[in-house]
Amino acid sequence: MRVYIAGSGAMGCRFGYQLSKTKHEVILLDNWDAHIESIRENGLKVTGDFDDVVQLPIMKPTEATEVADLIILLTKADQLPKMLQDIKGIIGEKTKVLSLLNGLGHATTMRRYVPDESIMVGVTIWLAGLKGPGHAHLQGPGSISVQNMVGDGQSVADMIAMFNEAGLNATYDDHVINAIWQKACVNGTMNPTCTILNCTIGELFGTEGGLNLVQGIFKEFIAVAKSETDGIDEEAIWKYIIDASKKASNHYPSMHQDLVQNGRKTEIDYLNGAVVFKGKRAGIPTPYCQMITEMVHAKEAMLGLR
Ligand code: NAD
């Protein structure tokens with residue numbers, strides 16, 4: 001298979017690195033000049049659970065010409081429309097395009113550029129960070145769940161096998177939207193709150209006020225999720241959030257790293273912002289999500305990011 005990773009930041013490098021150990025052809029696509037230069041000159045360096053350097057082809061998305069068998073989308077959410085526009089030339093009749101971005105609503109964006117038969121959506125709980133251009137730090141266990149927009153899992157059995165050969169622990173999920181909502185609940189409760197309060201996940205969950213905020217946001221996510229899909233298990237998702245908060249207690253979530261530590265725009269519009277949007281459409285009030293979204297927008301504006 002010819003596999004492109006469209007958006008080769010932290011998570012794209014994890015997928016690129018692990019897939020490079022299989023027999024498949026892997027090509028990284030990215031727009032960050034320093035990252036491209038570093039990988040071309042020195043290879044992709046990975047540390048953490050691995051200690052390795054691999055030579056991988058990397059180019060700008062508009063430079064790719066060979067039609068893909070699979071494109072794995074791993075941009076940040078607001079980079080997705082431009083990426084899809086830039087890679088139109090490598091999407092052929094048989095190409096599958098898989099989104100593994102965090103957040104809600106990416107299938108709707110994909111449908112503007114890709115036919116339904118080619119679209120796959122999914123979610124990953126692997127972790128990845130960048131130490132700098134060309135250097136990914138990969139630590140901890142993870143998995144991927146994916147689903148075709150049209151058709152069943154049989155048609156993508158080869159792809160699942162490829163992910164598993166790379167150790168990426170993939171399964172086909174007939175109702176992946178619920179896993180996407182579960183991950184969105186984790187990100188939507190912890191990320192913006194820790195970002196605005198400038199605190200770790202443990203500090204947030206360790207205060208009465210912090211926990212009240214988390215619960216308020218969680219209830220709104222659940223109400224909107226239930227209006228969109230069946231089988232949302234509120235109790236199980238709450239337990240998942242609490243478990244995740246304990247495991248990552250000393251960590252600042254990725255939105256904090258993006259906005260506070262690195263002055264980068266966040267994915268808030270695809271988390272709490274998306275819940276506000278969907279809530280309005282369904283007649284469900286979402287005051288917690290609205291307020292936290294506006295606070296993150298205000299901080300982004302103060303930093304000149306919007
Ligand atoms: P990332 O910010 O590392 O990379 C996304 C894009 O931004 C890449 O094209 C990258 O090259 C570019 N970029 C990164 N740093 C840059 C810089 N300093 N200057 C210019 N460009 C830069 O994002 P990610 O962590 O790989 O996340 C991709 C998607 O996967 C997101 O939707 C994210 O929410 C999701 N996700 C990430 C993780 C994780 O642990 N990293 C886990 C699960 C899901």
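## Annotated domains

Over residues 177–300 the chain is 76% helix and 0% strand, and the end C-alpha atoms of this span are 29 Å apart. Helices (H or I, at least four residues) and strands (E, at least two) are DSSP runs numbered from the N terminus. UniProt assigns residues 177–300 the feature "domain: Ketopantoate reductase C-terminal", in an unreviewed entry. The model is predicted: local features need pLDDT of at least 70 and side-chain atom pairs count only at pLDDT 80 or more, while totals for chains, interfaces and linings use all residues. Residues are numbered from 1 along each chain as its sequence is written, and side-chain values use heavy atoms, with hydrogens and water left out.

For residues 3–149, the unreviewed UniProt entry lists "domain: Ketopantoate reductase N-terminal". This span is 22% helix and 31% strand, with its end C-alpha atoms 19 Å apart. UniProt annotations may be inferred rather than shown by experiment.

## Ligand surroundings

The ligand is surrounded by 21 residues, each with a heavy atom within 4 Å of it. Ala 10, Met 11, Asp 30, Arg 264 and Glu 267 are the closest. By class, the shell comprises nine nonpolar, seven polar and five charged residues. Here Ala, Val, Leu, Ile, Met, Phe, Trp, Tyr, Cys and Pro count as nonpolar, Asp, Glu, Lys and Arg as charged, and the others, Gly among them, as polar.

A polar backbone atom of Ala 10 is 2.9 Å from a ligand oxygen atom. Side chains also take part: a polar atom of Glu 267 lies 2.7 Å from an oxygen atom of the ligand, and one of Gln 79 lies 3.4 Å from an oxygen atom of the ligand. The protein buries 82% of the 800 Å² that the ligand exposes when taken alone, as computed by the Shrake-Rupley method with a 1.4 Å probe.

## Second largest pocket

The second largest pocket holds about 380 Å³ of space. A pocket is an open set of points on a 1 Å grid over the protein atoms alone, with protein on both sides within 12 Å along at least five of seven lines; a cavity is a set where a 1.4 Å probe fits but cannot get out, and lining residues have an atom within 4 Å of a point.

Of the 20 lining residues of this pocket, Ala 107, Val 121, Met 149, Ile 177 and Ile 180 lie nearest its centre. Two or more residues each come from helix H4 (106–110), strand S8 (119–124), strand S11 (144–148) and helix H6 (176–197). H6 gives the largest share, four residues. Nine lining residues are nonpolar, eight polar and three charged.

## Cavity

One cavity of 30 Å³ or more is present. The largest cavity has a volume of about 40 Å³, and its lining consists of Asn 191, Ser 254, Met 255, Asp 258, Thr 266 and Glu 267. Helix H10 (residues 254–261) provides the largest share of this lining, three residues.

Note on methods
Points joined across faces, edges and corners; volume = space filled by probe spheres on them. Polar contact = N/O pair within 3.5 Å; in protein donor to acceptor, adjacent residues only side chain to side chain.
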